[in-house]
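Welcome, and thanks for taking a look at this one. Please have the sequence and the 3D view open as you read the briefing below.

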Amino acid sequence: MLATSTPKPASPPLLLSHSHHPHLRFGLGSHQSEEFRGSPRSRPPRLLPPLRLRRDPALGLDSLSRPGPRAGGRWRRCCCGGRAGETAAVEAGRMAGAAAAEMVWVRVLEEGVFRFDASEAARAAAGPSLSFVEPRRREEPREGADGPAVVPACQVVGDLQKVLIKLPAGTSFYGTGEASGPLERTGKRVFTWNTDAWGFGPGTTSLYQSHPWVLAILPDGKALGVLADTTRRCEIDLREESTIKFSAPSAFPVITFGPFNTPAEVMTSLSHAIGTVSMPPKWSLGYHQCRWSYDSSDKVLKVVRTFREKGIPCDVVWMDIDYMDGFRCFTFDSNRFPVPKSMVDDLHSIGCKAIWMLDPGIKKEDGYFVYETGSENDVWIKKADGSPFIGEVWPGDCVFPDFTYERTRTWWASLVTNFISNGVDGIWNDMNEPAVFKTTTKTMPESNIHRGDAGIGGVQNHSYYHNVYGMLMARSTYEGMAKANTAKRPFVLTRAGFIGSQRYAATWTGDNLSNWQHLHMSLPMVLQLGLSGQPLSGPDIGGFAGNATPRLFGRWMGVGALFPFSRGHTETGSKDHEPWSFGEECEEVCRLALLRRYRLLPHIYTLFFLSHMKGTPVAAPVFFADPQDPELRKIETSFLLGPLLVCASTVPDKGAHECSYKLPKGIWLPFDFGDSHPDLPVLFLRGGAILPVGRPIKHVGEASLEDDLLLIISLDENGKAEGVLFEDAGDGYGFTRGDYLLTYYVAELYSSVVSVKVLKTEGSWKRPKRKLNISILLGGGAMISSHGVDGEEVQLTMPSDSEVSSLVATSELQHKKRLEMVKPIPDIDEPAGQGAELSKTPVDLKSGDWLLKVVPWIGGRIISMTHLPTDSQWLHSRIEINGYEEYSGTEYRSAGCTEEYKVIRRYLEQSGDEESICLEGDIGGGLVLQRHISILKDNPKIVQIDSSIQARSVGAGSGGFSRLVCLRVHPTFTLLNPTEVVVAFTAINGLKQEISPESGEVVLEGDLRPNGEWMLVDRCAGLSLVNRFNPSQVSKCFVHWGTGDLNMELWSEERPVSNDTPLRICHQYEVRQTN
C-alpha cells in the first residue's frame, strides 16, 4: 500500500464582502420576531438595486451594457472602479463592497459568445471549467468586433456571487437540465446539487444531475443561452418574469451564447463549448428491457426469448445489482449467474445485447480484489483527517473512488476493460451522485477531500466536486470500454451527471413513479435535457416505483417508444412490467409502438448523427418549428423528432386522437403505418419534409443495407420537400474516416408530376442496391405510392384535386372505422398486486397560496403540499407511505395510516365555500379517525388540519370507553436543502431553541415544548414553514431527521375515548419569507 499524506484542499477563491452581524433575524409576522444564530451563508440575499437599461435597436433588447469600439481580446471594465495598476485583491475587495455592478466581459470561443466575470480579479480566481470539452477555450480571448447584447449585473454577498440578467418582457425560459415540473421554467427555481431523489415530484428542486444553464426564447423568437460555469451548488432562480438569477459560492464566470436567430443555433454554439453527444451504437437506439432485478441467467434468457416469441422488438436486456456477489462490483453471483459469458453468447445469438450495473460504492472488505487494488493505489476519497471515507451503500460499509484523480480514473478504467471480457456490451453507472445511505444529506460530507488533477481544480473538498463526480465516473467507465475494444462505440448510462456528460454517457430521468403525473412529466423532462446539451435520455417507461395499470403502461410505451432513449424499468417488489404483463390489449399496443420505433430507426439514427455533428436536440419542443409563436412555448405533450411531430395523450380518459393539438404554422399532414390506436400518439409530418423509414424488424441486427427503403413525403406550399439519411456500420468509428453514406433526397412537383431523386451525397460508401418506395401524403392520412430503385429518379403523377378530396375522405373514414374496431386498453384502476393504488388520481385542494393532493384510499394522507407563491413543495411522497399521515397510537404506523378513508364532505371554493375536504377512516374497536383539511377562506395563506379520534360504536361492556389511543400527527417534510435547515421555536419556558440535522431524534415534553408554534427554517431558500397548534391539545413534540426529510410530530395525550371525550389536534401551516 502506498504511504501518502493527504494534502489540504486549496482554499476556494475568496470574494471579499461586508462584515456581517453574527445574528440572523427571521420575520415572524407583524406582532413578533425572533433571532437565531446563523452563518453569513444563511442570510437571505440582499435585493439588487434597479438596473440601468438601454435599448439595443438592432436586437430589440433591454441591455445592461454600453458596448463600444475596442480591441478584440481586451477586457472591458464596467462600473467596477479601480485603475489598471491596482492589485487583484484590492479590486476584488472593491467589487465585493459595492452594490450590484455590471460584469467585465471578453469575447471567447466564437462570434456571439462572451465570458463575464465579477471583476478581473474574479476572473483570475475562477476555477477551471469542467463543462467545456477544451477548458482552455473558455480562458482564451478571441478577436472580433461583436459585443454582447446583454451584460449581467453582479453582487457579492458573503461568499456568494449573485448574478442577475434582465431580459425583455415576454421572454420564455427553458433548460436548467434534469428538472421536474413544466417545460417552460418561468416562475421556477432549481438548485444544482446532484441528489438521489427517489420518487421526485414536480416541485423537487434538486435531481440527479446539474446543468447550470438557461435557454431564453426572446419575444421575437431569437434565443439566448446562459451558462453559469461553476461546479458548486448553484441556485437558478427564474421566479421573476424575464429575469435570470444565479447564486453560487466563490468566483465563477457566466458565458452567454447569442442572441441567435433560432434556439437550434444556440444549441449548436453551446455544443462548441461543452461538446456533442458521443455517436451511440445503433443497437442502443432499440428498445431496452430492465428491472430490479432479473435474478438469474435463466430468467434473463426467458424474458428475451419471450420478446422473440411474441414478435415484440427488443435489443437490450439489463442486469441490476443482484447479478453481483453480495453487491460487490466487478463480481458475479456464482449460483445465479455462474457463466455470464455463456449467457451473453446465448443472448447475442438471438440478437440481444447485455448491459450490467456498476456503482461507485466499493465494499470495504479485505480479500476483495477491487478493494485491495484500490487501497494499494490509494484511490479512495479521504476524510479531512486523511483516512478513507467510509459510507454505507448496498454492500454495507464502502469506500469511494476519487474520480477527480487521474490515477483513480486509470485504475477504474482498467477494471472496466477486464470486466468487458465477460461479454459486457454496455455499463450502467448508478448511485453516483454519490448516494450514501443513512445520512440526512443522502451523500458524503462536504468536508471530504478530493485530490483532483491540477487541470480540473486541484485538491478541493467534496462541495467543489460533488456535482461532477458522476460525470467523472462515467468518463472513466467510457474510457475503460473504449480501451477494451477500439472497434466498438462504448455505451454507458449514468444517473448522475453535469453539463457536458453527454460526451461520455446517456442518461435516464431517475426513480420515477408509476402514475399519470409522472407519465406526463417524462415528456418535458426529456425535452429539457435535450435543451441542456443531453439528447440521449428517457424515463423508466411504466414508472420505476409502484405498479402501472394496463392503460398507463400502454400509453407510456406508446410515447416512450419515440423518446431518444427507450427503456422499461421497475423496482424490486413490483409486479412484472414486461409488455405482455398487462393483458392482450396492452401487449398489442406495446408491439405496435415498438414496431413504430424500429421503422423510424433510420430517421432516429440520422438525427443522432446530426446531433453528434451539430449539437442539436434529437427530441425538441414544438416551438422549435416556430420560435416566434408564443402559443407553442408551453406545449409539453407534443414534441418534434426533426420534421416529425409526435402528439401524445397523458390523461387516462382521452386517447391521443381525442385530444386537440396546436400545430405550428405551415403544412402538417397526419400519417401512420396502418397502426392507429387510441393509446398511441398521433403523427404529423411537416410540409417540405422527406422521412426515411425502414422495414419492421425485431432487433437492429435483423436490418440490412439492402432492405427496401421507404420515403414518406409531405410537400410544402411550393410543391417541394427534402430529407436526409445517414447510414454506416452502426458501430465503430469508420464514419469518422468517411466510411458512411449521407444522402440528401429532394422531391419537387412539376405540373402534375412529382420527381424524387438524390440531390447529393457525402461519404465514401457506395449506394446499396435496393428498392425505393415512395409515399406522398395528401392529407387526412391519405397517400399515393410508387416505387423504383434507390439512387435513380422516381416519378409519380399526382391525382386531380377532386381525386385528392375523394382519397382524403375515404382515408378519414377508414381511419375512424379502425379506431372504432380496435380494442383500447381497458381502464383497470386496481390491478392485482402490491401498489395498485398508485394509478388512482388524488384529490386536489387548491385555493389561495396552496395546492394540496390528498389520497383518501390509503390513510387519507396528504402526498403533496405546494406553496404556490414561492413554488416550494414541503411535502412530496409516494401514495402509500410518508407525506402527511396520522396514527391512533404511540407505535409507528399504528392504525390510521393505511385504512381506506371515506370522503364525507367536500367543499369547493368555486361554490363560495371554503376549499376543504373531510375524511373519515375506521380504525377498529368502534373508533374512527376524522380529518378535516381546509385552506382557510378568510386567510388563504393558511392550511388547517383538524383531526380527532372519535368513539362511534364502543361496546357497553367497556363502559363506553375505548382502548388506549393517542392521536399522533406524522408529517414527513421534504428537505430541499438538507444542510441548510433547522427547526426553530420559543419553548414554553421562554428559551429560544434550534434543532439541527445533527441532533437526530429529539423529544420535547413539558415546558420544553414549543409555545404553540415551531418552524422548519430553510436558510438557503429563505423560507420557513410555520406550524401552529394549541399546546393544551399536544402533550409531546417529536423531531426526527431522516435522509433528506424531516418528521415534526404532534402527539396528543394517550387515553381512552368515549362519545363525549374525543381526542383532537387542530393545527395550521403557513409559509413565510425569512428576513
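How many nonpolar, polar and charged residues does the lining of the largest cavity have? It has ten nonpolar, five polar and three charged residues. Here Ala, Val, Leu, Ile, Met, Phe, Trp, Tyr, Cys and Pro count as nonpolar, Asp, Glu, Lys and Arg as charged, and the others, Gly among them, as polar.

This is a predicted model, in which local features need pLDDT of at least 70 and side-chain atom pairs count only at pLDDT 80 or more, while totals for chains, interfaces and linings use all residues. Residues are numbered from 1 along each chain as its sequence is written, and side-chain values use heavy atoms, leaving out hydrogens and water.

**Confidence**

- The protein chain has a mean pLDDT (the predictor's confidence in each residue, from 0 to 100) of 88, and 89% of its residues reach 70 or more.
- Residues 1–97 have pLDDT below 50, and this stretch makes 218 contacts beyond near neighbours in sequence; contact means heavy atoms within 4.5 Å.
- Residues 830–839 also stay under 50 in pLDDT, with 27 contacts beyond four places in sequence.

**Cavities**

- On a 1 Å grid over the protein atoms alone, a cavity is a set of points where a 1.4 Å probe fits but cannot get out, a pocket is an open set with protein on both sides within 12 Å along at least five of seven lines, and lining residues have an atom within 4 Å of a point.
- Grid points are joined across faces, edges and corners, and a volume is the space filled by probe spheres set on the points.
- The count of cavities of 30 Å³ or more comes to ten.
- The largest cavity has a volume of about 140 Å³.
- Its lining holds 18 residues, and Gly127, Asp229, Thr230, Thr231 and Tyr464 lie nearest the centre.

**Second largest pocket**

- This pocket holds about 910 Å³ of space.
- Among its 30 lining residues, Leu607, Leu610, Gly642, Pro643 and Arg686 are the closest to the centre.
- By class, the lining has 20 nonpolar, seven polar and three charged residues.

**Helix pair**

- Helices α11 (residues 516–530) and α12 (residues 550–560) pack at about 5°, with axes 10 Å apart.
- Axes are lines fitted to C-alpha atoms, for helices over the stretch in contact, and angles run from 0 to 180 degrees between N-to-C directions.
- The two helices, α11 and α12, are therefore roughly parallel, a term for angles under 35 degrees.
- Trp516 and Leu519 of α11 are among the contact residues, as are Arg551 and Trp556 of α12.

Note on methods
Helix = DSSP H or I, 4+ residues; strand = E, 2+ residues; numbered from the N terminus. Parallel < 35°, antiparallel > 145°, perpendicular 65-115°, else oblique.
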